[in-house]
Amino acid sequence: MQKEKKCLAIVPAYNEEKSIEKVVKDVLKQGCDVLVINDCSKDNTSEIAKKAGAIVIDLVNNLGIGGGVQTGYKYAKENEYQFAFQIDGDGQHDPKYIKEMLETMDKEKANIVIGSRIIKDLGYKQTFMRKLGGNSFVTPITAIWYMVKVTLALIIQKLKERVKILEKSIEK
């Protein structure tokens, strides 16, 4: 990877004071700038991130992870970063893979790279609840619940129509 290419780690954060310093320092060791998007944290996330060397944007309204990441990508574009990526503020993403990812992106001329802990067996074990949240269980349950709601709504609508017809026939 060429030296003049700038990279930015976008770190959306909400109440991450316990982990943000390590995340910022570990990313800085990889040669990238760090932008922490403080999403209205009620703790010291912002101050700790600044002291650790991050650029910090303190949002005035809680936007959630999507709004935080979008803010980060807008910042990256406005400041002409060649590479920008998201890394979580809780420390669950290991920054040691950043250089490899950036070198691959540069070599392959990739516009986007999506990392996964489960494509290759690297020892990542999903929790039961995360597995439960997968498509194999939740999607059918959600579909069934949606069908029940729609069916109930149609039944209620038909009952209301029948009640109105009965009311009209009683009035006559």
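**Close-up views of a predicted model**

By the distance rule for sulfur atoms, the count comes to 1 disulfide. The model shown in these views is predicted.

**View 1. The disulfide between C7 and C32.** A disulfide is a covalent bond between the sulfur atoms of two cysteines. Here C7 is joined to C32, with an S to S distance of 2.0 Å. C7 belongs to strand 1, while C32 sits in the loop between helix 1 (20-28) and strand 2, so the bond ties together parts that are 25 residues apart in sequence. The torsion about the S-S bond is about -105°, and the disulfide is therefore left-handed. Are the two cysteines buried or exposed? Both C7 and C32 are buried. Another cysteine, C40, has a relative accessible area of 21% and is partly exposed; the cut-off for buried is under 20%.

View 2. The secondary structure of the protein chain comes to 6 helices and 4 strands. Read along the sequence, these elements follow the pattern β-α-β-α-β-α-β-α-α-α. The protein chain has 172 residues, of which 28% count as buried. It exposes about 12600 Å², and carbon and sulfur atoms supply 57% of that area. Among contacts between residues at least 6 apart in sequence, 62% join residues at least 24 apart.

**View 3. The sheet.** Strands of a sheet pair through backbone hydrogen bonds, either parallel or antiparallel. In what order do the 4 strands of this open sheet lie? The order is 3-2-1-4, and the pairing is parallel. Strand 3 (55-58) and strand 4 (83-86) are the edge strands, each pairing on one side only. On average, neighbouring strands of the sheet are turned by 20° against each other, direction ignored.

**View 4. Strands 1 and 2, with two helices on the sheet.** Strand 1 (residues 7-13) and strand 2 (residues 33-38) run parallel and are joined by 6 bridges. In one of these strands, strand 2, D33 is the bridge partner of L8. Helix 3 (residues 64-78) packs on the sheet and touches strand 1, strand 2, strand 3 and strand 4. The direction of helix 3 makes about 155° with that of strand 1. Helix 2 (residues 45-52) lies across strand 1, strand 2 and strand 3. Helix 2 runs at about 160° to strand 3.

View 5. A13 has its place in strand 1. With a relative accessible area of 3%, A13 is buried, because buried means under 20%. Which residues does A13 contact, leaving aside its neighbours within four places in sequence? The contacts of A13 are I20, V36, I37, N38, D39, S41 and T45. One of these residues, S41, is 28 residues away from A13 in sequence, yet the C-alpha to C-alpha distance between A13 and S41 is 7.5 Å.

**View 6. D88 and its side-chain contacts.** D88 lies in the loop between strand 4 and helix 4 (98-108). The relative accessible area of D88 is 13%, so the residue counts as buried. The side chain of D88 makes a polar contact of 2.7 Å with the side chain of Q86. A polar contact of 2.4 Å joins the side chains of D88 and Q92. Leaving aside neighbours within four places in sequence, D88 is in contact with V11, V23, I65 and H93.

**View 7. Two residues with a positive phi.** Most residues other than glycine have a negative phi. N15 is not a glycine, but has a positive phi of about 55°. Where is N15 found? N15 is in the loop between strand 1 and helix 1. The relative accessibility of N15 is 31%, which means that N15 counts as partly exposed. K109, also a residue other than glycine, has a positive phi near 55°. K109 is found in the loop between helix 4 and helix 5 (128-132). Is K109 buried or exposed? At 63% relative accessibility, K109 counts as exposed, because the cut-off for exposed is over 50%.

How values were computed:
Residues numbered from 1 in each chain as written. Predicted model: local features only at pLDDT ≥ 70, side-chain atom pairs only at ≥ 80, totals over all residues. Heavy atoms only, no water. Pairing = 2+ DSSP bridges. Axes fitted to C-alpha atoms, helices over the stretch in contact; angles between N-to-C directions. Contact = heavy atoms within 4.5 Å. Buried < 20%, exposed > 50% of the residue type's maximum accessible area, 1.4 Å probe, protein only. Polar contact = N/O pair within 3.5 Å; in protein donor to acceptor, adjacent residues only side chain to side chain. Disulfide = S-S within 2.5 Å. Areas by Shrake-Rupley, 256 points an atom, 1.4 Å probe, with all protein chains shown as cover.
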